[in-house]
Amino acid sequence: MSASDDIWILGIHMTKFGKHPDLDTVDLGATAIQGALADAGVTMRDIGIMAAGNLMGRGGIGQALQKQVGQTGIPVYNVSNACATGATALRTAIMAVKAGEVKMGLAVGVEKLAGAGLLGGGTKADDGDTWKPSGRFGAVAPTDGRIGTETMPGVFAQIGMEYGHKYGGTSFELFARISEKNHSHSTLNPLAAYSKAMPLEQIMNDVMIAYPNTRPMCSANCDGAAAAVVTNGATLKTLSLEQQRRAVKVSASVLTTDPWEEACQVLPNVNTLTRNAARQAYEQAGVSPADLDLVELHDCFATAELVHYDNLMLCDEGGAVDFFLSGAPWRDGRLPVNVSGGLQSKGHPISATGIANIWEVCQHLRHECGDRQIADAKVGLAHVIGLGSACGVHILERSAA
Amino acid sequence: MTGQIPLVQYLVLGDRPHLVALECTSCGAHYFDRRNACAGCFATEFRETPVATEGILRAFTIVAHAAPGIPVPFVAGVVDCDGTSVRGNVINCPPDPEHVQLGMKLRLATYSLGPDKDGTEAIGFGFEPIDATNGDAA
């Protein structure tokens, strides 16, 4: 059925995203792990390595989770890669299995973010009583707000506007329409933090955060966790037919960082590293964008979704606006994008995001996605960006068994 | 004793305020911060080079929500100064999408952040529309 060194998702789970006032970070992470193990039909005894991500805590999340779900002495890799942390954990587990050091690996990402407010530039340092240069720019005072913005909504707003400057066709309304799509998709996702359709007017008239991103066009801070068990083809062959049938093939697993280009240290360039990751992933998987049945991409802001249509080569270069206007990324379109509701409505518990998007694709490929199932889905792609930057792209395929 | 000090080291004050970049002597890459090596070619030699004081607004956002204490709204953007991209605010221009437009021509402008306890005045920079009518174009 497959090569013995192919990588498979044997089990995967995501918690409901939203507010979990009664669960702490460890509770949420443990719930995701236990769900993934049950889904995989294995126990902690079968797991040879664990990779864990959590940004808002004090570190050591992997060991803290082991103490609740099973301390077997296996190595833990606590990873941190901004919003790509979940994908980095998954990629770490995959590399260990691929290297042949272990037969099964576990990846988990968890975050408590409900009510976190503005991320990036969220606190202002006070001006001192003496203008004294410090830091790498020799600044005599805090520069956030004086030399551009450090807030995430503002940074990603500029990234979308830059695309408009380069290729034309963008507008406040266009970006709001992208958000309208994702909020509409979320109505079918019971695990989304917000699952209400929002009319275009409501989105445009909501609170402006950083033009052109209003509040519903920004990813929703919330609590959540996701975990996955990965194994290799040789091990999968020794498991039950049901496990083999439900396993999802990881046809490509890629992580990139941003290569140097003019301006990349002035405004983060989220484009080239995504394009590089996508190119490598399509080559690894031997598929083209035309083969994809669905895509979960990193719509941390409505302005970001637009540029990633292009970066993931879902359209011709410069053609993201036309791609969207054609209706292609709606769930009944040619290439559905973010049928989960995306980060704008499903929510964005940072470290969980890069595994939860894999879960969404797996559910469709296993035909277990209920009301929002994309019919006969065989191949899907999941993408995340962590600013700084790191980009994870995974291409997943339905089992042939 | 009083005097002036730039908000950042790469702002040069005087009769003609301008920005200076650190240029990699090997590949020509431009940087504004203290460098250990060139991120593009790994060389370690740099020379100071002046940056054009006029440019084109390549990307912007109008920030309405920022950290407490930061006055909003303000326009944050990236200005293409003859091939060198610069981060800065668009100033001396109403912060709304009718007046701030992609591709508009801007020039460097300075402003005072006020004196410190010793009377030294900090000077910041931004970019202002070159032609007032430019920003009014529909």
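Analyst: Helices (H or I, at least four residues) and strands (E, at least two) are DSSP runs, numbered from the N terminus. By that count, chain B has ten strands and one helix. The model is predicted: local features need pLDDT of at least 70 and side-chain atom pairs pLDDT 80 or more, while totals for chains, interfaces and linings use all residues. Residues are numbered from 1 along each chain as its sequence is written, and chains are lettered from A, and ligands numbered from 1, in the order written.

The C-alpha atoms of chain B fill a box of roughly 45 × 40 × 30 Å along the principal axes. Of the 138 residues in chain B, 36% are buried (20 or more other C-beta atoms within 10 Å of the residue's own, placed from the backbone; 12 or fewer is exposed, in between partly exposed). Among the contacts in chain B with a separation of 6 or more, 48% link residues 24 or more positions apart; a contact means C-beta atoms within 7 Å.

Chain B also touches chain A, with 43 residues from chain B and 40 residues from chain A taking part. On the chain B side, β6 (54-63), β7 (74-81), β8 (84-90) and β10 (121-129) each supply at least two residues. The most come from β6(B), which gives six residues.

Note on methods
Two residues are in contact if their C-beta atoms, placed from the backbone, lie within 7 Å.
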